[in-house]
Amino acid sequence: MVSTQLSILTISGSILIIATFSVVARRGFIDWLNAYRHQSIVLAGVTAIIGYITGIWEIYIAAALTLIVKSIIIPKVLTYVTRRLEIEFKTETNPYVSLRTSVIISALLVGLSYFLTQQIPFKSDPVVNVLLPVSMAQFFIGLFVLVNRRTVLSQVVGLLIIENGLFLFTMVLTHGVSLIIEIGIFVDILVGIVISSILLFRMGRTFDSLDVTNIENLRDD
Amino acid sequence: MDSVFSNLTILLLFLTPVASTGLVTLFRKKRIIGVITICSALLILVQVFVIVSRIISEKTITAFGNMFYIDSLSTIILLSISIVGFVSALYSKNYMGRQYDHGTVDDKHLVRYYQGFNVFLLTMLVIPTANSMGIMWVALEATTLVSVLLIMLYYKENAIEAAWKYLIIATVGLSFALIGTVFFYYANINAGSADDAMNWTSMVHNSKLFNPNLIKIAFIFILVGYGTKAGLAPMHTWLPDAHSEAPTPVSAVLSGVLLNCAFYVIIRFHIISSNAIGPEFSNQLLIIFAVISVGIAAASLYFQKDMKRMLAFSSVEHMGLISLGIGFGGLLGVYGALLQIINHAIAKPLMFFASGTISQKYETKAMSKIKGIIKIMPVTGVLFLIGGLALVGMPPFNIFLSEFFILSSGFQSGQFLATSLVILFLIVTFAVFLRHLIKMIFGNPVVPMKKDDMGKLAIIPMMILGALVLILGVFVPQQLQTLVQNASTIINHGGFA
């Protein structure tokens, strides 16, 4: 592999992590969506580079799908659904762990994912070495965002980050599973986001706020 | 010639629910769409019976190259999907009709409900027939999405909350499962497989060459991921909400079949992992999750106030028992677990249907307000009692048989601690569940009500299931025995009968 390709991959890997961090460090929903959009564009670029390196044409389709679905359609849908919501639903004022601590925890999670990927026996391959820890980090930080935040919207964003990490993970490790499965996964995500948007919309009408602590009628006590 | 026939079998099986969805969308008339769904579910049932008879004689069916692969194990799941699908379609007509009369749903909702129901059946049929583990994942994620849509059919706060929890938790769970699947795929590529590396048959074929450490990590991801969808504790938290807030026929399908579908995928990976690193590792994990599930279910059952939530926790318990049987291994344990899959798929929908009818009559799901069912609804009351006794494992009903097999295989394989713990939990469940049940069935109604069993179409599906519960408790038909035996051989002997 040419060293320029490798350095491009390294730089895009760090951009992906920075975009993930900006979701952790920001409070507003629009900021998260912007970070997610930029992340997805870089992700599409990385996918295209992997396609160029391996020479598998199906990966280019996956890259194009990423660009269209994740950086255009999903942010548009989410902005459209949430445009009527009041501003306090869209900002994370009171996470369980403060933003400052969250950033530190996320940094630790990045370290953890580098450690973990060294434990798992992979064939040494520069693409895997550079990008696999990045994908794991995205996955873990997404999980952390999901459990740490109180507003429903940030749970959606957490899910989106997890999903981006998962996509990168699959792409790096297997160079695209097969086109049918890849498209299936994309359709599932898109439908999932649409359904969660419908749910968000209904919640905005039926509940007083979109704080998850208010949404727990169903409990066993 | 033969392969053309197999292709047609699969194609027809998938086309039936597709066509039915199309017809429902086309007609949009309240009377017709229910009947269309019943017909399509019946057609699916007939086709599955044809597949069963073919599987018994031919052992495997492959179609469209290697894309679809059916063996005895998948046939057991297909059988439970088609039986429960048919009775639920039958029950839907009465139940949704009443909801309509009551004003809970309107015409638009009904069309949406029947479309969703048919698509739900389709996505579930894909899981046991697919050969590729990737397609199984996609189909399972699709079942989540469709069932979320079905749960949020009602515009109630609780339904929205349940749908949200279910969507988030199941999606996160399945993302773990995808990581596990990709690990297995990676192991298969490294073992030298080429184009069909995602196929289960290819994974089983190459499994001896897999890297053991990778497989261990992968199986943990698989068990946590698909375990979330299969309702194994402690990842079960979405389950009681979703199952209690869904429309009752959907609850029956969710509880009776969808959990089995998710567990079926775990079994598939369990076979590969047993081939690659020996069965001990995955067996131990399955047993641990099983004991936790049965324990948590027993504890939660005690505190239940809501009838449908109680049934949902009982599903957690039964998934635990199935996992226990597979974990104990041996011919007896696996045989018991597979029989338990079918038995649970018959008894649980019976209970859900009965509870749906009861809650429509009493207009509440709170158990404290439901008294004297047997006086007001004699037939439903008796069937409710039969289903309840079956669920707690009372002889001579069907679940007793499979639980007996599972537990005795536990002693046989020397897992004394796990077995005795589970027996202890089962005794607690038995006492608690029966207490709830007896309080509801006997006694005098709080408010005097007219004696009424809520229509024939509500009773018939329950009668069918009640009869099956009784029959399977006394004797297991020869064909089913062969099927279950072949499937246990597949699990115990590394993938092929």
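Between which two helices of chain B does the loop that holds B:R28 lie? B:R28 lies in the loop between α1 (residues 2-27) and α2 (residues 30-58) of chain B.

This is a predicted model, in which local features need pLDDT of at least 70 and side-chain atom pairs count only at pLDDT 80 or more, while totals for chains, interfaces and linings use all residues. Residues are numbered from 1 along each chain as its sequence is written, and chains are lettered from A and ligands numbered from 1 in the order in which they are written. Helices (H or I, at least four residues) and strands (E, at least two) are DSSP runs, numbered from the N terminus.

## Backbone features in loops of chain B

The phi angle of B:R28 is near 60°, a positive value in a residue other than glycine. B:R28 is partly exposed, because 14 other C-beta atoms lie within 10 Å. For this term, a residue is buried if 20 or more other C-beta atoms lie within 10 Å of its own, exposed if 12 or fewer, and partly exposed in between, with C-beta atoms placed from the backbone. B:K59 also has a positive phi, near 75°, and is a residue other than glycine. B:K59 is placed in the loop between α2 and β1 (residues 61-63) of chain B, and with 14 other C-beta atoms within 10 Å it is partly exposed.

Cis peptide bonds are found in loops as well. The bond from B:A233 to B:P234 is cis, with omega near 0°, and B:P234 belongs to the loop between α8 and α9 (residues 238-245) of chain B. Another cis bond joins B:P395 and B:P396, with omega about 5°; B:P396 is in the loop between α15 and α16 of chain B.

The table sets out two helices, one from each chain. The expected span of a helix is 1.5 Å times one less than its number of residues.

| Helix | Residues | Length | Span, first to last C-alpha | Expected span |
|---|---|---|---|---|
| α5(A) | 99-119 | 21 residues | 30 Å | 30 Å |
| α18(B) | 456-474 | 19 residues | 27 Å | 27 Å |

In α5(A), the buried residues are A:S102, A:S106, A:L109 and A:S113. Seen down the axis of α5(A), these buried residues fall within an arc of 55°, so they line one face of the helix; the arc is that of the directions from the helix axis to the C-beta atoms. The face turned away from the buried side of α5(A) carries exposed residues, among them A:R100, A:I104 and A:F115. The cover over the buried residues of α5(A) includes α1 (residues 3-25) and α6 (residues 126-148) of chain A.

The buried residues of α18(B) include B:I459, B:M462, B:L465 and B:V469. They pack against α3 (72-102), α13 (330-362), α15 (378-391) and α16 (398-412) of chain B. Two residues are in contact if their C-beta atoms, placed from the backbone, lie within 7 Å.

## Helix pairs in chain B

How do α2(B) and α4(B) (residues 107-129) lie, parallel or antiparallel? Their axes come within 10 Å and cross at roughly 10°, which makes α2(B) roughly parallel to α4(B). Axes are lines fitted to C-alpha atoms, for helices over the stretch in contact, and angles run from 0 to 180 degrees between N-to-C directions. Angles under 35 degrees count as roughly parallel, over 145 as roughly antiparallel, 65 to 115 as roughly perpendicular and the rest as oblique. The residues of this contact divide into 8 nonpolar, 4 polar and 2 charged. Here Ala, Val, Leu, Ile, Met, Phe, Trp, Tyr, Cys and Pro count as nonpolar, Asp, Glu, Lys and Arg as charged, and the others, Gly among them, as polar.

Helices α8(B) (residues 212-230) and α10(B) (residues 248-277) pack at an angle of about 170°, with axes 9 Å apart. That makes α8(B) roughly antiparallel to α10(B). Their contact has 15 nonpolar, 2 polar and 2 charged residues.

## Contact between the chains

Chain A gives 32 residues to the contact and chain B gives 38 residues. On the side of chain A that touches chain B, the elements giving two or more residues are α7 (152-174) and α8 (179-206) of chain A. Of these, α8(A) gives the most, with 12 residues.
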